[in-house]
Amino acid sequence: MKFCILMASPRPQGNTATILASFREELEEWGSSVDYISLYKKKIKPCIGCRVCQNIFDGFGCPQNDDMQSIFNQVLQSDCLVLATPIYSWYCTPPLKAALDRLVFGMNKYYGKKKGPSLWAKKKCALIVTCGYKVEYGADLFEQGMIRYCKHSQLDYLGMLAVRDKGKVTAEDISRAKEFARKLIPLTRCRVQE
Ligand SMILES: Cc1cc2nc3c(=O)[nH]c(=O)nc-3n(C[C@H](O)[C@H](O)[C@H](O)COP(=O)(O)O)c2cc1C
């Protein structure tokens with residue numbers, strides 16, 4: 001099984017990165033392959049709503065020239081997309097939001113001259129989130145947005161690991177990250193019912 005992690009924290013030693021390192025280690029320990037993409041190191045322009053991609057059914061079709069084409073390819077080659085982000089203003093950080101906008105149009109060809117396919121239909125999607133507030137108040141709106149995003153995109157939503165920022169990542173947080181990885185592996189293997 002192949003996981004594609006989009007890492008959207010600007011802090012390489014921060015809470016999200018620390019939790020993600022254990023999550024990734026556990027995935028690899030159990031034989032999964034992982035593509036790890038640090039979005040703050042990439043050039044990702046915002047979607048400009050030109051809709052050129054909507055009439056190109058066999059690929060990304062975005063006319064903008066940046067790192068999104070290769071991110072699109074890596075997402076398409078994976079079985080499960082993992083979005084890891086700190087919560088900023090009740091949602092994900094800006095490079096992940098830009099990537100999500102580019103993918104929701106580049107992957108879902110719903111709004112062209114003819115209605116087209118979702119190129120990533122039936123792939124899995126999971127979230128890893130850290131936030132300052134209690135998770136019910138800090139991470140709920142992003143999760144709701146992503147559940148709707150997955151439904152629209154025909155992605156199979158697998159769940160969220162949400163960890164509150166307590167000043168330092170605890171041993172319990174690390175063990176929850178590993179447990180989350182072990183939970184996702186069999187869920188990623190099983191096919192969605194036709
Ligand atoms: C600009 C900014 C905005 C934030 N907005 C929120 C927020 O809306 N809700 C929340 O619960 N935490 C918020 N936080 C707290 C972070 O989500 C939290 O500290 C997180 O663990 C930081 O992750 P990192 O260590 O990977 O950078 C915000 C932090 C920053 C820097």
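**Entry 1: the sheet**

I began with the strands and found 5 of them in an open sheet, in the order E2-E1-E3-E4-E5, with parallel pairing. The edge strands are E2 (33–38) and E5 (156–164), and each of these pairs on one side only. I then looked up the angle between neighbours: ignoring direction, neighbouring strands of this sheet are turned by 15 degrees against each other on average. I note here that the model is predicted.

**Entry 2**

I asked how many bridges join E4 to E5. There are 8, and the two strands run parallel. Helix H6, residues 171–189, lies across E3 (80–86), E4 and E5. Relative to E5, H6 runs at about 175 degrees.

**Entry 2: the nonpolar core**

I looked up the largest nonpolar core, which has 53 residues. The members that touch the most other members are Leu6, Val82, Ala84, Ala99 and Ile128. In soluble globular proteins, nonpolar side chains tend to be buried together.

I took Leu6 for a further look. Leu6 sits in strand E1, residues 2–7. Is Leu6 buried or exposed? Leu6 counts as buried because 24 C-beta neighbours lie inside 10 Å, and 20 or more are needed for that label. I left aside residues up to four places away in sequence and listed what Leu6 touches: Ile37, Leu39, Leu81, Leu83, Ala84, Leu96 and Ala99. Of these contacts, Ala84 and Ala99 are also named among the core members with the most touches. I also recorded a distance to Asp35, which is 29 residues from Leu6 in sequence and 8.5 Å away in space, C-alpha to C-alpha.

**Entry 3: two residues with positive phi**

I looked up Trp90 in the loop between E3 and H3. Its phi is positive, about 65 degrees, although Trp90 is not a glycine. Trp90 is partly exposed, because 14 other C-beta atoms lie within 10 Å and the label covers counts between the exposed limit of 12 and the buried limit of 20.

Lys122 also has a positive phi, near 80 degrees, and is a residue other than glycine. Where is the place of Lys122? I found Lys122 in the loop between helix H3 (94–106) and E4. Lys122 has 12 other C-beta atoms within 10 Å, so Lys122 is exposed; the label applies at 12 or fewer. I checked one pair across the sequence as well: Lys122 and Cys80 are 42 residues apart in sequence, and their C-alpha atoms are 9.5 Å apart in space.

Technical notes. Residues numbered from 1 in each chain as written. Predicted model: local features only at pLDDT ≥ 70, side-chain atom pairs only at ≥ 80, totals over all residues. Pairing = 2+ DSSP bridges. Helix = DSSP H or I, 4+ residues; strand = E, 2+ residues; numbered from the N terminus. Axes fitted to C-alpha atoms, helices over the stretch in contact; angles between N-to-C directions. Contact = placed C-beta atoms within 7 Å. Core = buried A, V, L, I, M, F, W, Y, C linked by C-beta atoms within 7 Å.
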